[in-house]
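Subject: Structure handover

Hello,

Here is the structure for your files. My notes on it follow below.

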Amino acid sequence: MCIKTISEEVTNKVFNDARIIPIIPSLHSLCRAAEIHGRLAQFPYYSNYVDLTRMELSALNSLITPSCSPLHKFAFIGSGPLPLTSLCIYQTAASFSRPSQHSTTENPVEVLNIDFNPKAISESKQLCESLGPNATGMKFQCSAADSPDLDLSSFDVVYLAALVGSTQAEKEILLECVVGRMREGAYLVIRSAERLRRLLYAEFYPTTEKVLNCLDICLAVHPYNLVVNSVIIGKVRRRTLAEKSH
């Protein structure tokens, strides 16, 4: 029901319903649990992740000019025990490069999976090891998104999972930490939700003062098909000398 195209009037009625308001946090938690306990081959959201990742890579590719180097180093914060997005990125990112930009053996696609839960990292690492050559470019790091030891300066694209931060305020705090460790000109991909999809995932507002101080927002993509998440893509802004000194 949440992925059906419904008018803004109906959406507002649902979100203002006294019976719905108190259960929204539990619905978000239910989605989080489904992601944790699924299995790769039988995971009910698998096709959603494939289609979502292709949509995100297409959006990223639309921002790359012919003179730019291909996007080949990705980091995913909040990858969890079943890193479906990371696997989709690793297996398909090279095909989204322009003919002159295809990744080579000297410039292969790499994906760093980052999660604060050591068990999630251990389980995802074991999964990828069992996949053999289909996941050789998958790397892993147990770290919180706001850890000072998290170095993101070498990555072309950093993803912030939809379940990282449960409120706008929490997401903005984490965003400031993450962007501060990225290089200027790199892309941050933030997953959001629109319309009734907000019952499943929290909405992210990309035009607040804190967000715009960090990022130049390039694209916002809101699907009307079976894909659940919306996608916000921002480019890390150039920093002043004072900002660089901190």
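**What was found**

Of the 246 residues of the protein, 46% count as buried, where buried means under 20% relative accessible area with a 1.4 Å probe and protein chains only. This is a predicted model, in which local features need pLDDT of at least 70 and side-chain atom pairs count only at pLDDT 80 or more, while totals for chains, interfaces and linings use all residues. Residues are numbered from 1 along each chain as its sequence is written, and side-chain values use heavy atoms, with hydrogens and water left out.

The protein has eight helices and seven strands; these are DSSP runs numbered from the N terminus, helices being H or I of at least four residues and strands E of at least two. Among contacts (heavy atoms within 4.5 Å) between residues at least 6 apart in sequence, 78% join residues at least 24 apart.

**Cores**

The largest nonpolar core contains 51 residues, and Leu 60, Phe 74 and Leu 152 have the most contacts inside it. A nonpolar core here is a set of buried Ala, Val, Leu, Ile, Met, Phe, Trp, Tyr and Cys residues joined through side-chain atoms within 4.5 Å. Helix 3 gives the most to this core, with five residues. Leaving aside neighbours within four places in sequence, Phe 74 touches residues including Leu 57, Leu 60, Ile 89, Phe 155 and Tyr 159. A second, separate core has nine residues, among them Leu 82, Leu 127, Ala 162 and Tyr 201.

**Helix 3 and helix 4**

Helix 3 (residues 46-61) packs on helix 4 (residues 84-92) at an angle of about 50°, with the axes 9 Å apart. Axes are lines fitted to C-alpha atoms over the stretch in contact, and angles run from 0 to 180 degrees between N-to-C directions. The pair is therefore oblique, the class left once angles under 35 degrees (roughly parallel), over 145 (roughly antiparallel) and 65 to 115 (roughly perpendicular) are set aside. Helix 3 contributes Tyr 46, Tyr 49, Val 50, Thr 53 and Leu 57 to the contact, and helix 4 contributes Leu 84, Thr 85, Cys 88, Ile 89 and Thr 92.

**The loop between strand 5 and helix 7**

Arg 195 lies in this loop and has a positive phi of about 55° although it is not a glycine. Arg 195 counts as buried because its relative accessibility is 5%. Leu 196 is in the loop too, and at 2% relative accessibility Leu 196 counts as buried. Leu 196 and Thr 11 are 185 residues apart in sequence, yet 5.9 Å apart in space, C-alpha to C-alpha.

Regards

Note on methods: Buried means under 20% relative accessible area, exposed over 50%, partly exposed in between (1.4 Å probe, protein chains only).
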